[in-house]
Amino acid sequence: MSEIQTSVPNPVPGSHCSSCGTLYGGGVSGWPRTCPACGTVAYRNPLPVAVALQPVYDTRGTALVVITRTVAPARGGIALPGGYIDDREDWRHAVVRELKEETGIDAAGRDVRLVDVMSAPDGHLLLFGLLPERPVGVLAPSAVTAETEGWHLLRRPEELAFPLHTVAVRAWFEGRYI
């Protein structure tokens, strides 16, 4: 005996009311939106991302720690260490967690200082956390991680994989994040 299976295509995100399941009709667009069936108001909120600015120094001067990505988006690109803030996670903890995951470098959340917040056109909200400058010799050695080819030093501003990382790096090198 064979079973008949029906397949329901996955709905487009945000196309149905999260309270009652009603499809938002052609007359409902933009955000916030109100469900025509139950009246629930739905909002589309930005996705928060924590980004680490870890300055270091050595005999050649001061630099920032950056990574080379091995995952999408921007596979192969150079970026600051960073990623999504987990549900109910303090943003400072997210900064040090992402730094550790992507570089192996330890830091303390209490040492993170918010230096910039930027909104990306794709709906992400980036929080840039600055850590205290440290000698490069005390950092964990660069090693491949699940998301990176390891870390290296950025000694001058350059275009990075994500435009807002480029903006933050330029601001740091220009001394705007004192």
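Guide: Two strands pair if DSSP finds at least two bridges between them. Helices (H or I, at least four residues) and strands (E, at least two) are DSSP runs, numbered from the N terminus. This is a predicted model, in which local features need pLDDT of at least 70 and side-chain atom pairs count only at pLDDT 80 or more, while totals for chains, interfaces and linings use all residues. Residues are numbered from 1 along each chain as its sequence is written, and side-chain values use heavy atoms, with hydrogens and water left out.

Now the sheet. Four strands form an open sheet in the order E7-E3-E9-E8, and the pairing is mixed. Strand E7 (82-84) and strand E8 (113-119) are the edges: each pairs on one side only. From one strand to the next, the twist averages 20 degrees. Axes here are lines fitted to C-alpha atoms, for helices over the stretch in contact; angles run from 0 to 180 degrees between N-to-C directions.

Look at strand E3 (residues 47-53). E3 pairs with E7 in the antiparallel sense, over three bridges. Val 49 faces Tyr 84 in E7.

Two helices pack on this sheet. Helix H1 (residues 91-103) touches E3, E7, E8 and strand E9 (124-130). Its direction makes about 60 degrees with that of E3. Helix H2 (residues 163-173) touches E3, E8 and E9, and its direction makes about 25 degrees with that of E9. Contact means heavy atoms within 4.5 Å.

Zoom in on H2. His 165 lies in this helix. His 165 is buried, because its relative accessibility is 5% (buried means under 20% relative accessible area, exposed over 50%, partly exposed in between, with a 1.4 Å probe and protein chains only). Leaving out residues up to four places away in sequence, His 165 touches Val 51, Ala 79, Leu 80, Leu 126, Phe 128 and Leu 160. A polar atom of the His 165 side chain lies 3.1 Å from the backbone nitrogen of Leu 80.

Next, the aromatic rings. Rings of Phe, Tyr and Trp (its six-membered ring) pair if their centres lie within 6.5 Å; planes under 30 degrees apart count as stacked, over 60 as edge-to-face and the rest as tilted. The count comes to one aromatic pair. The rings of Trp 172 and Phe 173 have centres 4.8 Å apart and planes at 85 degrees, so this pair is edge-to-face. Trp 172 is buried, at 14% relative accessible area, whereas Phe 173 is partly exposed, at 25%.

Conventions. A polar contact is a pair of N or O atoms within 3.5 Å; within protein, one must be able to donate a hydrogen and the other to accept it, and residues adjacent in sequence count only if both atoms are side-chain atoms.
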